[in-house]
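Colleague: Hi! Could you walk me through this one? I'd like to start with the metal site.

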Amino acid sequence: MEILYHGHSTIQITTGGQSIIIDPFLTGNPVAKTKAEDIQVDYILLTHGHGDHISDAETIAKRNNATIIGTHELATYFSWRGCKVHAMNTGGSRSFEFGRVKLTQAFHSSSLNVDEEQKIIYMGMPNGLLLTIEGKIIYHAGDTSLFGDMKIIGELNVIDLAFLPIGDNFTMGPEDALHAAKWLQAKKVVPIHFNTFDLIKQDGDAFVNQLRQQGIEGMVVQPGESFSIN
Ligand code: NI
Ligand code: MN
């Protein structure tokens, strides 16, 4: 399995001839190295409806005939936009060709701005993603605050890799993400949702050093870099 980080919360995973992308935000993402037009995927997984997580979902889905997987409201919205979708909801899991997807809870919001009407459309609950691919468990926290049930997610799952937001302001900052990493007992932690904009500027290396002091392996991945887990 190859894991490619596109910056922000956008992660592409390729396994056994299939490729998935989580929260595609490339157009307007100042750190992304790849254009949305160059993304080739079979599935698009969405954690919530904010622009910095779904902005390229529709165009990537239509060009690739890819299926969008997300919570009921998000899936319904994209089906009305003419995309192939698979609706789920928090706590539900389902096997796909590439692996198993479970939607976990996240504490955040999920909405779409209709600027011309000054309207906000709520898009259901935000989620995290628990993926089982090639026997490995990958947790993508989505946008979330710290919450106590991360302990339970860690107790019930042997997490090989966790993507945790550290940007602060909109999500957990590094201090809370450190607690999250401890509670999740992930074998490896990769910080996300930081340094995309000034407002979420953080020192990823300092976070990884703090993880190390707690005996947790962390890794800063630069946008455009890929890696694998074993
Ligand atoms: Ni958000
Ligand atoms: Mn976000």
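**Metal site and surroundings**

Modeller: Happy to! Asp52 and His193 are both buried. Keep in mind that this is a predicted model.

Colleague: Which protein atoms are the donors of the manganese ion (ligand 2)?

Modeller: The manganese ion (ligand 2) has Asp52 (OD), His53 (NE2), Asp143 (OD) and His193 (NE2) as its protein donors, at 2.1 to 2.3 Å. Along the chain, their spacing reads D-H-x89-D-x49-H.

Colleague: And where do Asp52 and His193 sit in the chain?

Modeller: In distant parts of it, 141 residues apart. Asp52 belongs to helix α1 (residues 51-54), while His193 is in the loop between β14 (188-192) and α6 (204-213).

Colleague: Which residue bridges the manganese ion (ligand 2) and the nickel ion (ligand 1)?

Modeller: That's Asp143, and the two ions lie 3.2 Å apart.

Colleague: Back to that loop between β14 and α6: is Leu199 buried or exposed?

Modeller: Leu199, which is also in that loop, is exposed, because its relative accessible area is 53% and the cut-off for exposed is over 50%. Together with Phe170 and Phe197, Leu199 makes a nonpolar surface patch of about 310 Å².

Colleague: Switching to the sheet, what's the strand order?

Modeller: The order is β6-β5-β4-β3-β2-β1-β16, seven strands in an open sheet with mixed pairing. β6 (84-88) and β16 (226-227) each have a single partner strand, so they stand at the edges with one side lacking a neighbour in the sheet.

Colleague: How many bridges join β2 to β3?

Modeller: Five, between residues 11-15 of β2 and residues 18-22 of β3, and the two strands run antiparallel. Thr14 is opposite Ser19 in β3.

Technical notes
Residues are numbered from 1 along each chain as its sequence is written. Chains are lettered from A and ligands numbered from 1 in the order in which they are written. This is a predicted model: local features need pLDDT of at least 70, side-chain atom pairs count only at pLDDT 80 or more; totals for chains, interfaces and linings use all residues. Side-chain values use heavy atoms; hydrogens and water are left out. Two strands pair if DSSP finds at least two bridges between them. Helices (H or I, at least four residues) and strands (E, at least two) are DSSP runs, numbered from the N terminus. Donors are N, O and S atoms within 2.8 Å of the metal (3.2 Å for Na, K and Ca); water is not among the atoms, so sites may look incomplete. Buried means under 20% relative accessible area, exposed over 50%, partly exposed in between (1.4 Å probe, protein chains only). Patches are made of residues with over 30% relative accessible area and no salt bridge: like charges are joined within 9 Å, nonpolar side chains (Val, Leu, Ile, Met, Phe, Trp, Tyr) within 5 Å. Accessible areas come from the Shrake-Rupley method with a 1.4 Å probe; for residues, only the protein chains shown count as cover. A salt bridge is a side-chain nitrogen of Lys or Arg within 4 Å of a carboxyl oxygen of Asp or Glu.
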